[in-house]
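Visitor: I have a model open and some terms to check. Can you take me through them, value against definition?

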Amino acid sequence: MAKMKAAMAAVLVMEKEGITQAFGVPGAAINPLYAQLRERQTISHVLARHVEGASHMAEGYTRAKAGNIGVCIGTSGPAGTDMVTGLYSASADSIPILCITGQAPRARLHKEDFQAVDITSIVKPVTKWSTTVLEPAQVPRAFQQAFHLMRSGRPGPVLIDLPFDVMMAEIEFDIDTYAPLPVYKPAATRAQIDKALDMLESAERPLIVAGGGIINADASELLVEFSELTGIPVIPTLMGWGTIPDDHPLMAGMCGLQTSHRYGNANMLASDFVLGIGNRWANRHTGSPEVYCKGRKFIHVDIEPTQIGRVFAPDYGIVSDAKAALELFVQAARERAAQRRLPERSAWAAECQDRKRDVQYLRKTNYDSVPMKPQRVYQCMNNAFGKDVTYVSTIGLSQIAAAQFLHVYGPRQWINCGQAGPLGWTVPAALGVRAADPSRKIVALSGDYDFQFMLEELAVGAQFKLPYLHIVVNNSYLGLIRQSQRGFGMDYCVQLAFDNINTPADEAVRSYGVDHIKVVEGLGCKAIRVHRSEEIAPAIRQAEAWMEEYRVPVVVEVLLEQVTNIAMGTEIDNVVEFEDLASGKSDVPTAIAAAMLD
């Protein structure tokens with residue numbers, strides 16, 4: 001067998017497991033691994049400006065394409081603790097990423113050595129597995145186990161911590177005979193699927209709730225086929241948005257307290273049976289189980305056994321990978337269709353579509369005020385971008401409004417950290433998506449505070465030629481927190497506006513505080529600011545031209561009115577509408593249903 005450093009064995013295993021891209025920040029304790037990466041030249045590396053940014057780049061890389069696993073690398077001590085947020089975000093959304101950290105030599109681990117921290121204990125709650133490898137010969141097997149765990153069952157992140165002397169030690173290892181371990185995914189049985197379909201036959205108004213597990217399993221086409229075979233309308237969750245195109249006649253809208261459509265909530269409330277696949281009944285989708293579950297039965301299909309019954313007890317539970325379950329659902333539905341055993345659902349599907357096209361269920365977007373209302377910005381985005389666009393976003397009023405007003409037409413075209421929602425996620429995640437796909441049309445969306453959290457990563461886009469378009473809707477406020485403070489009767493410590501002494505030429509900009517244009521240009525990218533709706537389309541065209549010419553990220557900043565309250569509530573039957581509802585087609589010219597309003 002070949003003799004090599006343990007760090008080289010780690011690189012060779014990553015190659016065999018299909019890794020071609022990594023994101024990270026080198027440091028003294030991880031330099032042995034970087035030395036082997038440099039020698040092999042098989043894994044491209046993007047140098048982040050912050051180690052948390054590297055972890056979010058890895059997330060974006062994984063989320064962009066089925067089968068991808070993002071890799072983030074950092075040194076000992078604070079590098080690992082900086083990546084905890086990325087591990088939490090990945091764990092919460094079932095996203096596999098591999099985090100590799102350097103560590104002090106083994107003999108110094110108990111001596112409070114410089115930047116020596118028990119990172120495996122710190123990240124244990126937010127990883128599928130974390131380990132400090134204490135024996136050099138175990139390095140290749142630790143990496144083999146990491147990939148096996150990331151891909152098996154519910155996907156998720158893993159951290160491998162490598163002491164300096166472990167990486168440097170020489171071991172015997174034969175990479176030529178190495179093979180990845182078989183992946184385990186639980187699969188439904190035909191008997192379970194038949195029972196579920198038998199239960200569905202008794203329903204008059206059933207819905208399918210399509211979760212992010214369908215996208216993770218690359219099973220969106222199967223979901224659409226099953227919906228079409230059975231005639232059952234689909235409610236995608238926020239993480240499942242794109243499993244069925246927004247303009248599909250069986251897309252019944254999103255349900256929830258915030259990122260939802262009025263017609264989606266109405267359709268859910270009108271249903272009597274729900275089949276959830278690859279979802280986890282997140283509280284911002286359901287509200288209280290008492291309201292969400294009243295008057296309807298539930299079947300829950302999920303890859304993770306402990307998710308069944310976690311939020312509420314379904315009438316029937318199936319532990320299965322979403323793709324494995326949907327393959328059987330489609331097979332069984334085809335057979336029943338041939339035998340004319342499937343119930344007729346056209347009247348119920350038409351009822352859901354009637355709500356979708358009913359003006360009373362649509363929120364007005366066609367405002368002309370200056371400063372702009374955010375609703376008009378999303379209307380302009382709908383006009384500017386076609387069906388092939390991929391949106392990247394995190395939390396905030398900007399994301400909530402986006403889910404209410406934008407349109408998504410395919411899986412992995414809405415890339416969003418659903419549960420954790422860390423501010424600053426959007427810039428590095430968009431860079432990770434770009435690294436995964438050089439040709440995709442990528443539009444990131446941020447409020448000003450999300451944008452400010454990690455905007456230094458724009459320099460990464462400039463350095464490594466990772467162009468994408470970033471829309472920043474700037475109201476100079478922590479808008480979502482300001483809105484939530486209404487319940488406390490306060491507006492406290494959430495204002496981002498200040499009088500910027502360095503922007504005297506534009507009084508409107510000066511009062512908004514940070515001059516994002518100067519900051520973006522200082523980081524090697526291009527930026528343009530707009531004040532009015534008619535300026536947005538030309539700005540986007542200019543941005544696209546700059547991306548083509550300079551191959552760098554381009555920011556389009558839109559100055560908004562500082563206070564807009566976006567629809568949200570405490571229950572799906574109690575969502576408060578703070579702004580106008582549509583009174584006719586002219587109020588909602590880019591709504592999915594606008595073409596049907598005639």
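Guide: Start with pairing: two strands pair if DSSP finds at least two bridges between them. Bear in mind that this is a predicted model.

Visitor: What makes strand 9 and strand 10 a pair?

Guide: Strand 9 is joined to strand 10 (residues 234-236) by 3 bridges. The cut-off is at least two, so they pair. The two strands run parallel. Within this pair, Ile208 stands opposite Val234 of strand 10.

Visitor: How do you know that strand 9 pairs with strand 11?

Guide: Apply the cut-off of at least two bridges again. Strand 9 and strand 11 (residues 273-277) have 5 bridges and run parallel, so they pair as well. Ala210 has Ile277 as its bridge partner in strand 11.

Visitor: Why is Gln21 called buried?

Guide: Gln21 has a relative accessible area of 11%. The cut-off is under 20%, so Gln21 is buried. Gln21 sits in strand 2 (residues 21-24). Not counting residues up to four places away in sequence, Gln21 touches Ile43, Ser44, His45, Val46, Tyr61 and Val71.

Visitor: What makes the pair of Gln21 and Ser44 a polar contact?

Guide: The limit for such a contact is 3.5 Å. A polar atom of the Gln21 side chain lies 3.3 Å from the backbone oxygen of Ser44. That distance is within the limit.

Visitor: How do you know that the span of helix 25 is close to the expected one?

Guide: Helix 25 (residues 536-550) has 15 residues. From first C-alpha to last, helix 25 reaches 21 Å, close to the 21 Å expected at 1.5 Å a residue.

Visitor: What puts the buried residues of helix 25 on the same side?

Guide: The buried residues are Ile536, Ala539, Ile540, Ala543, Trp546 and Met547. They cover an arc of only 120° around the axis, so they lie on the same side of helix 25. Their cover includes helix 17 (374-384) and strand 19 (554-559).

Visitor: Which residues are exposed on the other side of helix 25?

Guide: Arg541, Glu548 and Glu549 are exposed there.

Technical notes:
Residues are numbered from 1 along each chain as its sequence is written. This is a predicted model: local features need pLDDT of at least 70, side-chain atom pairs count only at pLDDT 80 or more; totals for chains, interfaces and linings use all residues. Side-chain values use heavy atoms; hydrogens and water are left out. Helices (H or I, at least four residues) and strands (E, at least two) are DSSP runs, numbered from the N terminus. The expected span of a helix is 1.5 Å times one less than its number of residues. Buried means under 20% relative accessible area, exposed over 50%, partly exposed in between (1.4 Å probe, protein chains only). The arc is that of the directions from the helix axis to the C-beta atoms. Contact means heavy atoms within 4.5 Å. A polar contact is a pair of N or O atoms within 3.5 Å; within protein, one must be able to donate a hydrogen and the other to accept it, and residues adjacent in sequence count only if both atoms are side-chain atoms.
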